[in-house]
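I opened this entry to log what I looked up, chain by chain and then at the contact. The structure comes first, my notes after.

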Amino acid sequence: MNGIFDKLAASLEFPFVRYALIVGTLIALCSSLFGVTLVLKRFSFIGDGLSHVAFGAMAIAMILRLTNEMPLVLVLTIISAVLLLRTGQNTKIRGDAAVAMVSVGALALGYLLMNLFPTSSNLSGDVCSTLFGAFSILTLSQTEVWLSVALSLLVVGLFVFFYNKIFAVTFDENFSRATGVNAPGYNLLIAVIVAVIIVLAMNLVGSLLISALIIFPALSAMRVYKSFLSVTICAAVVSVICAVLGMLIAIVADTPVGSTIVAVNIAAFLSFALAGKLKG
Amino acid sequence: MSLLICENASLGYEGRPIVQNLSFTVEEGDYLCVVGENGSGKSTLMKTILGLTPPLKGSIKTGDGLKANEIGYLPQQTPVQRDFPATVREIVRSGCQNRMGLKPFYSKEDKARAEENIRRMGLEELAGRCYRELSGGQQQRVLLARALCATGRLLLLDEPVAGLDPKVTAELYQLIADLNRKDGITIIMISHDLNAALAYASKVLHVGHHLFFGSKEAYLDSEALSGLNREVTA
Ligand SMILES: Nc1ncnc2c1ncn2[C@@H]1O[C@H](COP(=O)(O)OP(=O)(O)OP(=O)(O)O)[C@@H](O)[C@H]1O
Ligand SMILES: [Mg+2]
């Protein structure tokens, strides 16, 4: 037992580990906030698609050998979010089909690019860390740390400010539109924020596990709580606790950060499902 | 000038017309009852008025400076996802959203308005309950309370009494009549309940093979009614 704490204490000596913990906690917080909206509104398909787009964008950033990969990835993902939302409203190409095309395409092209222009000898390691996060949270540059912190706080701020509108538009978009609420505008806002969250979360858990980080806490909370407010708060708390626990376990046990966090989230989900059953 | 002007509009989906050559006007303070058989296009008309479905031809214009955020709406069906976590109070309050602009939080007045409509719909006991665990009639009352929160000048109701028990139905008709007479709110209501609807309405729009638009009195004499009556009694 003492060994574990010694190892933790030793790791926490490193500033980059402390940064990683802070950034990871903030990312977990803001990704959980939009979980309910993503689970319930048919935005979940956009979330999935965008995480693959972010992978493709990351590949481009890598072969360009950018020191700060995030800004480019951010811009490309936001543009894709806006485009996907547009096609989603277009009845000719079904939204889901468009998302599938874009997301699988981005995945394939990203991998192809990384193969054609390898930037390091350890290609599969690079791919793996982009897909599963591995240790990217520990390798953020100083700029990226501050950018992540600023963006996370911005996301939380926007969520609080637009909380009631997000609820109204998520609950019943047609009613909102019919009664003069700018629903298309808020849809766009949600899509852009989701893009930001995805880019942030990619650093923590990698592009394949982003959906898990966003959706699991909301699903857990929905097992037990019945109002939008309580589900939102519970999801945020669960997500932060799971992320902190996951990161600490990963440090101690030398496991990959992303999958450890998701594993903790799965455990949380199972306990909430059980609690929901017992509560009836 | 009129609140709504519909001129030679064709309504339908994806180029297939359901109602053609429809013309009518709604004046401030009117109580318009829309009747017609199942599938004749009544709900479609309401969605077109609200801008949710574009007209195929012609136009439905708003006049008198009527803004979208002065409209309350009760849809016939609200496809709420099964697991949506939302309490009655959260949903009713969301009806106030259209008057809030960019303001982030509900004011005291907004909350009071929501409580008032919760009370009007007899939902006090249910206010903290989860929407998806209510009965069909209770859910209908929640959506009505939300519609009342959103209403400023015009209220559109798509079969508001469907699924309500007789007592609540009678109270609701009285409430709508009061909104119309005392608060001067213009009402457009779709209903299959001809007797009750005609007791309160001032104008009637019949959608279907025979289009009819005119005062209630003219409607009672008209052919459209006899056509519908035959169907109702058959
Ligand atoms: N989203 C849609 N896409 C295509 N066709 C539709 C759509 N909604 C309704 N319709 C069709 O339009 C016609 C009119 O439907 P509408 O819902 O307006 O009828 P209604 O008069 O409200 O009937 P009811 O009394 O049963 O409510 C129906 O034949 C229906 O099949
Ligand atoms: Mg209908």
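**Charges, chain B**

I counted 27 positive and 28 negative side chains in chain B, with the centres of the two sets 5 Å apart. Lys and Arg count as positive, Asp and Glu as negative, and His and the chain ends are not counted. Each charge is placed at NZ of Lys, CZ of Arg, CG of Asp or CD of Glu.

**Ground rules**

This is a predicted model, where local features need pLDDT of at least 70, side-chain atom pairs count only at pLDDT 80 or more, and totals for chains, interfaces and linings use all residues. Residues are numbered from 1 along each chain as its sequence is written, chains are lettered from A and ligands numbered from 1 in the order in which they are written, and side-chain values use heavy atoms, with hydrogens and water left out.

**Overall build, chain B**

I found eight helices and nine strands in chain B. These are DSSP runs numbered from the N terminus: helices are H or I with at least four residues, strands E with at least two. The radius of gyration of chain B is 18 Å, close to the 17 Å of the globule rule for 234 residues, so chain B is as compact as a globular protein of that length. The radius is taken over C-alpha atoms, and the rule is 2.2 Å times the number of residues to the power 0.38. Along its principal axes, the C-alpha trace spans about 50 × 40 × 35 Å.

I also checked burial: 54% of the 234 residues of chain B are buried. Buried means under 20% relative accessible area, exposed over 50%, partly exposed in between (1.4 Å probe, protein chains only).

**Helix α1, chain B**

Seven of the eight residues of α1(B), residues 42–49, are buried, so this helix is largely enclosed by the rest of the structure. Among them are Lys42(B), Leu45(B) and Met46(B). Gly51(B) follows α1(B) and has a positive phi, near 80 degrees.

**Val149(A)**

I placed Val149(A) in helix α8 of chain A, residues 142–171. Val149(A) is buried, at 14% relative accessible area. Leaving out residues up to four places away in sequence, Val149(A) touches Val23(A) and Leu26(A); contact means heavy atoms within 4.5 Å. The C-alpha atoms of Val149(A) and Leu26(A) are 7.0 Å apart, across 123 residues of chain.

**Contact of A and B**

I logged 31 residues from chain A and 36 from chain B in the contact. The two chains bury about 2,700 Å² between them, 65% of it on carbon and sulfur atoms. Buried area is the accessible area (1.4 Å probe) that two parts lose on being put together, summed over both. On the chain A side, Phe171(A), Phe175(A) and Lys226(A) lose the most area to chain B, together 26% of what that side buries.
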